[in-house]
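Here are my notes on the model, point by point. Please read them with the structure open.

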Amino acid sequence: MSSTLAKACRTHHLPVADFYAKRGAFESDIASGLLKVRVVKAIDLRNARDLLGDAAVVNRRNLQSADAIIAASCRELSHSLGRRVIFYTKDWTQYSSVFEIQAYRSALKLRYLGRGKGGVPARTG
């Protein structure tokens with residue numbers, strides 16, 4: 001989350017104080033129980049490794065390791081809950097990488113926070 005907040009602050013030319021305020025608000029939401037943090041498990045890391053292989057080698061995507069871990073963890077959460085969960089992202093590489101893999105589309109309702117590109121819709125399910 002820190003890297004996402006930092007990017008938003010850079011993009012919008014916000015002062016450093018805004019970054020710390022936004023990060024503090026996020027951490028307060030976790031501390032208060034408004035947001036729950038899910039611990040990354042070994043299976044998430046194995047699934048992320050497989051996702052990276054599929055994305056990079058098969059589909060020629062430049063998916064980052066952290067983005068793969070996030071997607072794999074969300075898919076595993078869906079499996080553990082026994083229902084599809086909504087996966088939001090503003091990262092087109094992450095979204096399109098996950099979108100191309102049926103195992104992710106069937107477990108997650110994908111939401112890209114932007115417009116679809118190249119015939120790929122901005123949302124599924």
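1. Which side chains meet in a salt bridge at 3.9 Å, N to O? They are those of R23 and E27. A salt bridge here is a side-chain nitrogen of Lys or Arg within 4 Å of a carboxyl oxygen of Asp or Glu. Both residues sit in helix α2 (residues 16-32), 4 residues apart, about one turn of the helix. R23 is partly exposed, at 28% relative accessibility. E27 is also partly exposed, at 44%. The cut-offs are under 20% relative accessible area for buried and over 50% for exposed, with partly exposed in between (1.4 Å probe, protein chains only).

2. Some ground rules. This is a predicted model, in which local features need pLDDT of at least 70, side-chain atom pairs count only at pLDDT 80 or more, and totals for chains, interfaces and linings use all residues. Residues are numbered from 1 along each chain as its sequence is written, and side-chain values use heavy atoms, with hydrogens and water left out. Helices (H or I, at least four residues) and strands (E, at least two) are DSSP runs, numbered from the N terminus.

3. On confidence: pLDDT is the predictor's confidence in each residue, from 0 to 100. The mean for the protein is 93, and 100% of its residues reach 70 or more. Among the elements, helix α1 (residues 2-11) has the lowest mean, 88. Strand β2 (residues 108-112) has the highest, 97.

4. How many salt bridges does a search of the whole structure find? The total is 4. One of them joins D44 to R38, with the closest N and O atoms 3.0 Å apart. D44 is buried, with a relative accessible area of 0%. R38 is partly exposed, at 26%.

5. E100 and R61 form another salt bridge, 2.6 Å from N to O. E100 lies in the loop between α5 (92-99) and α6 (102-107), and R61 in the loop between α3 (42-58) and α4 (65-81), so the pair ties together parts that are 39 residues apart in sequence. Both ends are partly exposed: E100 has a relative accessible area of 33%, and R61 is at 29%.

6. Now the largest pocket. Its volume is about 1500 Å³. A pocket is an open set of points on a 1 Å grid over the protein atoms alone, where a 1.4 Å probe fits, with protein on both sides within 12 Å along at least five of seven lines; lining residues have an atom within 4 Å of a point. The volume is the space filled by probe spheres set on the points, which are joined across faces, edges and corners.

7. The largest pocket is lined by 32 residues, and M1, T4, I70, F87 and Y88 lie nearest its centre. Elements giving two or more residues to this lining are α1, α2, α4 and β1 (85-89). α4 gives the most, with 8 residues.

8. Strands β1 and β2 run parallel, joined by 5 bridges. Two strands pair if DSSP finds at least two bridges between them. Y88 stands opposite R111 in β2. In β2, 4 of the 5 residues are buried, so this strand is largely enclosed by the rest of the structure.

9. Last, V57. This residue is in helix α3 and is exposed, with a relative accessible area of 56%. The C-alpha atoms of V57 and F26 are separated by 35 Å, and the two residues are 31 residues apart along the chain.
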